[in-house]
Amino acid sequence: MEKNLPRIRALNALAEKRGQPLAEMALAWVLRLPAVTSALIGASSIAQLETNVKTLDRLDFSAEELAAIEKILQM
């Protein structure tokens with residue numbers, strides 16, 4: 001877990017730049033793939049469900065954002 005903290009922090013910073021919570025950006029990242037027809041979200045509260053639904057308002061990623069995510073994942 002400790003070794004993943006730098007990645008999580010970097011992804012969180014990118015999500016903040018996008019104006020999204022990290023969980024919302026992660027869901028948008030998965031849903032952007034044409035091969036993905038659904039995603040299991042596992043919301044445990046109405047607030048989490050509302051956040052997940054809000055993801056649909058921002059599914060777009062710029063080429064720069066996608067490149068930044070790939071770079072972070074390679075850390």
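Contact means heavy atoms within 4.5 Å. Keep that cut-off in mind for this tour.

The model is predicted: local features need pLDDT of at least 70, side-chain atom pairs count only at pLDDT 80 or more, and totals for chains, interfaces and linings use all residues. Residues are numbered from 1 along each chain as its sequence is written, and side-chain values use heavy atoms, with hydrogens and water left out.

**Stop 1: the whole protein**

Show everything as a cartoon. You will find four helices and zero strands. Helices are DSSP runs of H or I with at least four residues, strands are E runs of at least two, and numbering starts from the N terminus. The pattern along the sequence is α-α-α-α. The radius of gyration is 13 Å, close to the 11 Å from the globule rule for 75 residues, so the protein is as compact as a globular protein of that length. That radius is taken over C-alpha atoms, and the rule is 2.2 Å times the number of residues to the power 0.38. Along its principal axes, the C-alpha trace spans about 30 × 30 × 25 Å.

**Stop 2: helix 1**

Select residues 5-18. This is helix 1, with 14 residues. From first C-alpha to last it reaches 20 Å, close to the 20 Å expected at 1.5 Å a residue. The expected span is 1.5 Å times one less than the number of residues.

Now show the side chains of Leu 5, Leu 11, Leu 14, Ala 15 and Arg 18, which are buried. Buried means under 20% relative accessible area, exposed over 50%, and partly exposed in between (1.4 Å probe, protein chains only). The buried residues of helix 1 pack against helix 2 (22-31) and helix 4 (63-73).

Step just past the end of helix 1. Gly 19 takes a positive phi of about 80 degrees there.

**Stop 3: helix 2**

Select residues 22-31. Which residues of helix 2 are buried? They are Glu 24, Met 25, Leu 27 and Ala 28. These residues lie on the same side of helix 2, because they cover an arc of only 160 degrees around the axis. The arc is that of the directions from the helix axis to the C-beta atoms. The buried residues of helix 2 pack against helix 1, helix 3 (46-54) and helix 4.

**Stop 4: Thr 55**

Select Thr 55, in the loop between helix 3 and helix 4. Is Thr 55 buried or exposed? Thr 55 is buried, with a relative accessible area of 0%. Leaving out residues up to four places away in sequence, Thr 55 touches Glu 24, Leu 27 and Ala 28.
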